[in-house]
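Please examine the structure shown below together with its sequence. The explanation after it moves from the overall fold to individual residues.

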Amino acid sequence: MIVRDKDFYDRFIKIWDEGAVKDAPFITLGVEAILQDFYGDLSDAPPPFPVTSGARILDLGCGWGRVLGPVLDGGAHAVGLDISENMLNLAKNHLLKNKHKPLLVRGDGTLLPFKDKSFDLVYSLLVLQHLSKKNGRLVLKEIFRILKPGGAAYIRVPGRFAPENLLFSLLQFVSIHLFRLKDPIRMRFYRVGEIRKLCKLLYKNCTITAHQFRPPWNLHTRLTWHYILIPKRFHRSLRKISDKIERLANGPLGFLKRFGVVLMVKVEK
Ligand SMILES: C[S@@+](CC[C@H](N)C(=O)[O-])C[C@H]1O[C@@H](n2cnc3c(N)ncnc32)[C@H](O)[C@@H]1O
């Protein structure tokens, strides 16, 4: 049973189901899908965590399976879980096309259909950001439950103070509270200290790295999403600057982490 609050989930799942059919790369990755000169091609890109052959790995909120392929290539026993049936169908086709035999399960990250201590590694990329903070906490608890002792999880959340995310929240606030537009998958941002505190309640270790230091790309409104403000010719140099700041933030200048667009949280049980 994946439906807790039927009305909410009917609307929530429908957005992912429809997005999967309309434009799966964009609904899952946003600008990262269209700015390949900055990000590279993220479909079947190397996973941002180590993969051990034979490990049992869960992709929580696997979407159309863009990360599952390389994880399976690494020899892991990977399972993809998603709340949207259409996303899972895309994942199945995407993986079969690349000769993988995917194990895909429909389910809700807040109520995982797996036994306690059944995975060595869990990753969840770009999922928590679309859940309420309360459901986010439930996901963290569920991941803890299904991880084996010594297992690790990698969870990607958007940083609260990145300039791009600040602009995003402002426009989101205006859209929801002034224009009264409903957005069941609206973004939730996390402060470094906030996510660390949440994880430390459950997990033995928690390491946070920050990524993607870039200026705001676009105005996040329904009409302007795809319109990129910064000319393409600057993207490669911006990437170099971003990588440099990333090295400093995750090295000697730790305070810079709070300005990262992306926070990667590694927790160990
Ligand atoms: C932004 S997409 C990211 C997809 C994938 N992780 C990636 O990086 O390409 C978010 C995905 O999470 C799924 N999702 C959202 N809420 C979920 C939940 N409560 N449980 C499981 N999956 C969920 C959506 O259907 C969607 O496929």
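This is a predicted model: local features need pLDDT of at least 70, side-chain atom pairs count only at pLDDT 80 or more; totals for chains, interfaces and linings use all residues.

Residues are numbered from 1 along each chain as its sequence is written.

The protein chain contains nine helices and seven strands; helices (H or I, at least four residues) and strands (E, at least two) are DSSP runs, numbered from the N terminus. Its radius of gyration is 18 Å, close to the 18 Å that the globule rule gives for 269 residues, so the chain is as compact as a globular protein of that length. That radius is taken over C-alpha atoms, and the rule is 2.2 Å times the number of residues to the power 0.38. The C-alpha trace spans about 45 × 45 × 40 Å along its principal axes. Of the 269 residues, 35% are buried. A residue is buried if 20 or more other C-beta atoms lie within 10 Å of its own, exposed if 12 or fewer, and partly exposed in between, with C-beta atoms placed from the backbone. Among contacts between residues at least 6 apart in sequence, 71% join residues at least 24 apart, where a contact requires C-beta atoms, placed from the backbone, within 7 Å.

The ligand is surrounded by 21 residues, and the closest are Trp16, Gly61, Gly63, Ser84 and Gly109. A residue belongs to this shell if its C-beta atom, placed from the backbone, lies within 6 Å of the molecule. The elements that give two or more residues to the shell are helix H1 (6-29) and strand S2 (77-82), and H1 gives the most, with three residues. By type, the shell divides into eleven nonpolar, seven polar and three charged residues. Here Ala, Val, Leu, Ile, Met, Phe, Trp, Tyr, Cys and Pro count as nonpolar, Asp, Glu, Lys and Arg as charged, and the others, Gly among them, as polar.

Helix H5 (residues 85-97) has 13 residues and reaches 18 Å from its first C-alpha to its last, close to the 18 Å expected at 1.5 Å a residue; the expected span is 1.5 Å times one less than the number of residues. Met87, Leu88, Leu90, Ala91, His94 and Leu95 are buried in H5. These residues lie on the same side of H5 because they cover an arc of only 160° around the axis, the arc being that of the directions from the helix axis to the C-beta atoms. An α-helix has 3.6 residues a turn, so residues three or four places apart point the same way. Leu96 and Lys97, on the other side of H5, are exposed. After H5 comes Lys99, with a positive phi near 65°.

Two further residues have positive phi. Asp44, which is not glycine, has a phi near 60° and is found in the loop between helix H3 (36-39) and strand S1 (56-60). Arg180, also not a glycine, has a phi of about 55° and is found in the loop between helix H7 (163-178) and helix H8 (192-200). Asp44 is partly exposed, with 16 other C-beta atoms within 10 Å, whereas Arg180 counts as exposed, with 7 C-beta neighbours inside 10 Å.

Ile176 lies in helix H7 and is partly exposed. Leaving aside neighbours within four places in sequence, Ile176 is in contact with Leu181, Asp183 and Arg186.

Terms used. Two residues are in contact if their C-beta atoms, placed from the backbone, lie within 7 Å.
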